[in-house]
Amino acid sequence: MKNPRYFNLLVPILSVIFGLIVGGLIMLAGGYNPFSAYAALFEGAIGSSYNLGETIRQFTPLILTGLAVAFAFRTGLFNIGVEGQFIVGWFASVYVGLTVDAPMFIHLPLAILAAAVAGALWGFIPGLLKARLKVHEVIVTIMMNYIALHVTNEIIRAYLKASSGERTEEISATASLAAPFFRQLTDHSRVHYGIIVALLAAFVMWFILRKTTLGYELRSVGFNPNASQYAGMSVSRNIILSMTISGAFGGLAGAMAGLGTYQYMTINTAGFIGLGFTGIAVALLGANTAVGTILAAILFGGLKVGASNMQFQAGVPPEVIKIVMAMIIFFVGASYLIRWLLNRFRKGEN
Amino acid sequence: MDNVIEMKNIRKEFPGVVANDNINLQVEKGEIHALLGENGAGKSTLMNILFGLYQPDRGEIYVNGEKVRITDANVANDLGIGMVHQHFMLIDKFTVTENIILGSEPNKGLNIDRKKAEKEVQTISEQYGLAVDPSAKVENISVGMQQRVEILKTLYRGADILIFDEPTAVLTPQEIDELMEIMKKLVEEGKSIILITHKLKEIIKVADRCTVIRLGKSIDTVDVAEADPDKLATMMVGRDVNLSMERSNKQPGKEILSIRNLNVQDERKVSVVNQLNLQVHAGEILGIAGVDGNGQVELVEAITGLRKADSGEILVNNKDITSFTPRKVFEAGVGHIPQDRHKHGLVLDFSVGENMVLQSYYHKPYSSKGVLNYPVIYNKAQTLIKEFDVRTPSELTPARALSGGNQQKAIVAREIDRSPDLLIAAQPTRGLDVGAIEFIHSKLVEERDRGKAVLLVSFELDEIFNLSDRIAVMYNGEILAEVDPDETNEQELGLLMAGQKSEAGVPEGGRD
């Protein structure tokens, strides 16, 4: 490729197109009309103010989980534990929302901060184990997911269970991210002010990585730990820091659920929600950049919200959209294939 | 005489560069034909075309007078062309025979006929005086022997034309002499050899004729017997080159680096530096000669804080830096041009500019309060790029995109710019072309003349001789001897590097 920048943009775009085409072929094979299905999907994602609000609500935490994965990845680490960081963040924000009594300008930031700290702690542990004992972070973060899920479930069940239902009470209004004005505007969707937090977080990630000495070190260690060590950086310190910051992003995503969408925390007996895992796909499609992550989160959020309308209007099972998302990631992963196709195409032109 | 190989008007373009521009090459039967040129001149491209790995855009190839199209390496094999690669392609855990027959195993039913194979390998080995043990495991034989296995591999496949790609890069002086003998023997037995190299001395020693390639063009083909080395060098580089450094005699100053009874272990807890003592003074270059793997790497790592010393003391300016971290070592006035520029010297995915501040990004003026000041960083980079003649489109170009020589110049620029009292240069010119070598050597001498202490570690004897005020020979983790470069010669150093301490002192004749 002559211009790598152009190519870096082309891979995700073509991946999305190919993913949609494969999804369409599967619909055809199942006897559905892909055009009406995608029309319904599109309408379901942004066709009305309510749908638009729901899409924003959906992609807000995805931005943050995507940033968490991207941040770790940019520094050479695989944070598969965003799901767990999301859960402990959710729990911490709801806990502060329930138990602290303070005016909003203290209570809300405190609840958000609690989520970030909880996520950071959940990232710090695998970072520490990796740096000190060389335990692979993928293994530890996966295990930390289960610990987060079952410990929070158990604590809620034992101490915080609401009188009705398998969940906590609702947080006090002083800790809520609810945005009544925008809710009105979007026909009572569950959109909330968390989107501001998410966009701010994306800026923070860009700023840390591009502008600070900390980011310089983190990227250096990610690209080449040997040269970083040679140059006098502490590789283990940077591993721990990277996982901690990454975890903080994951924890913030939890606050989006706890203080924004739900205002409480459920006992997740069915298992993981999956927002953390989707973050891996978001980061991958977004090429691990701040802006790319936002765009990829918007796409995946839209697909998820639109899928229910697709089922409702066109009768296509929403699982097809999961296949589309998987295919998009497949094509991003198989970027070599796209490179080959593009080269083929070029030769044809000459 | 018959030409076994004739390449006519070969042209090969890669995006943005013409690697081969109407190159002509004629190799006669039974000769050693050298292909001389700097790195990037187009030697490897030409040979890869001959070996079928690239297709030429234009031009014709004749083998034994017949026009051929070499579409892949198998075709080359069938035409009797064999390649002895610079980086050996051997499997450590396999025996010599297993490595040689790999890919063309003689079968007995479904089994490999080992007996037959071993016998065949033995026969060929004896015919050409290679003295290889067919049943030895590759991991247990020396580098020189491994190279012979590569030679055997091509002979076993029936090669008549052997291409040697920079064969002496990894060998000791004695092994180089032996290789030269083998090459002569091969030619006596009717083989033809193409020798790719940028070392003039080897060409003078062994080649019959020599084709010089510069910037993708064949400049001339000369009879080596009538050629003069300076003229060859000029032809290769395209301008006059100064092959030996002019150095003013200077009295060394105070002691900058002092190492006392140093012991260092490697990863396997084997002691690789043993009771080592060493001093380097201000205004001198101390050259450490030795074959790779005698503790030089670990010694440098111990000084620079990358590896813990087991016991002993390392003093820089009378300050004990033995247990310092790399950053503290740098801050104590040490610069380090690392042996492996890709592994340690550069972050290849960083821009050239970012690489220029790899050790200094955290203090002013490159950053303040944790925020980088990119304009200052890039300004600094521009200055260094100019001053050290780093050929790069800009300071924003990723270091990965630069040629090896320019990457190394960038590292040298960074290290010298910090003006360290002690500059450690480990293999500073490995794999570089004459122009870059000359430049880096002059910079090292400049540092010496400015009163800095330079510790040079090199496996290239020429480099050691060219630059050093004193030479220390390292063998088995010890300094076996310290010699004056004016009072020794390559034979003596070669023996010392092989661990033989000569009783009689310096042989007669001085340096050749």
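Helices (H or I, at least four residues) and strands (E, at least two) are DSSP runs, numbered from the N terminus. The structure is a predicted model, in which local features need pLDDT of at least 70 and side-chain atom pairs count only at pLDDT 80 or more, whereas totals for chains, interfaces and linings use all residues. Residues are numbered from 1 along each chain as its sequence is written, and chains are lettered from A and ligands numbered from 1 in the order in which they are written.

By the DSSP assignment, chain B holds 17 helices and 24 strands. Its radius of gyration, taken over C-alpha atoms, is 25 Å, close to the 24 Å that the globule rule (2.2 Å times the number of residues to the power 0.38) gives for 512 residues, so chain B is as compact as a globular protein of that length. Along the principal axes, the C-alpha atoms of chain B fill a box of roughly 70 × 55 × 50 Å. A residue is termed buried if 20 or more other C-beta atoms, placed from the backbone, lie within 10 Å of its own, exposed if 12 or fewer do, and partly exposed in between; buried residues make up 46% of the 512 residues in chain B. Two residues are in contact if their C-beta atoms, placed from the backbone, lie within 7 Å, and among contacts in chain B between residues at least 6 apart in sequence, 66% join residues at least 24 apart.

Strand E22 of chain B, residues 453-458, is mostly covered, with 6 of its 6 residues buried. In a regular strand the side chains alternate between the two faces of the sheet. In E22(B), B:Ala453, B:Leu455 and B:Val457 are buried on one side, and B:Val454, B:Leu456 and B:Ser458 are buried on the other. Strands are said to pair if DSSP finds at least two bridges between them. E15(B) pairs with E22(B) in the parallel sense over 5 bridges, with B:Ile285 standing opposite B:Val454. The pairing of E21(B) with E22(B) is likewise parallel and spans 5 bridges, and here B:Ile424 stands opposite B:Leu455. Together, E21(B), H15(B) and E22(B) make a right-handed β-α-β unit, a crossover being right-handed if, with the strands pointing away from the viewer, the path from the first strand over the helix to the second runs clockwise.

Helix H13 of chain B, residues 374-387, has 14 residues and reaches 20 Å from its first C-alpha to its last, close to the expected 20 Å, where the expected span is 1.5 Å times one less than the number of residues. The buried residues of H13(B) are B:Ile377, B:Tyr378, B:Lys380, B:Ala381, B:Leu384 and B:Ile385. Seen down the helix axis, these buried residues fall within an arc of 155 degrees (the arc being that of the directions from the axis to the C-beta atoms), so they line one face of H13(B). They pack against helix H12 (352-356), strand E20 (371-372) and helix H14 (404-417) of chain B, while B:Pro375, B:Lys386 and B:Glu387 are exposed on the other side of H13(B).

In helix H17 of chain B, residues 490-497, the residues B:Glu492, B:Leu493, B:Gly494, B:Leu496 and B:Met497 are buried. The buried residues of H17(B) pack against helices H6 (173-188) and H16 (461-467) and against strands E15 (285-289), E23 (470-475) and E24 (478-483) of chain B.

Several backbone features were also noted. Most residues other than glycine have a negative phi, and most peptide bonds are trans. Just after H13(B), B:Asp389 takes a positive phi of about 55 degrees, and just after H17(B), B:Gly499 takes a positive phi of about 95 degrees. B:Gln427, in the loop between strand E21 (422-426) and helix H15 (434-449) of chain B, has a positive phi near 45 degrees and counts as buried, with 23 C-beta neighbours inside 10 Å. In chain A, A:Asp187 lies in the loop between helix H7 (180-185) and helix H8 (194-211); its phi is positive, at about 60 degrees, although it is not a glycine, and A:Asp187 is partly exposed, with 13 other C-beta atoms within 10 Å. The peptide bond from B:Lys364 to B:Pro365 is cis, with omega near 5 degrees, and B:Pro365 lies in the loop between H12 and strand E19 (367-368) of chain B.

Finally, B:Asn318 is placed in the loop between strand E16 (309-316) and strand E17 (319-320) of chain B, and with 9 C-beta neighbours inside 10 Å it counts as exposed. B:Asn318 and B:Pro420 are 102 residues apart in sequence and 15 Å apart in space, C-alpha to C-alpha.
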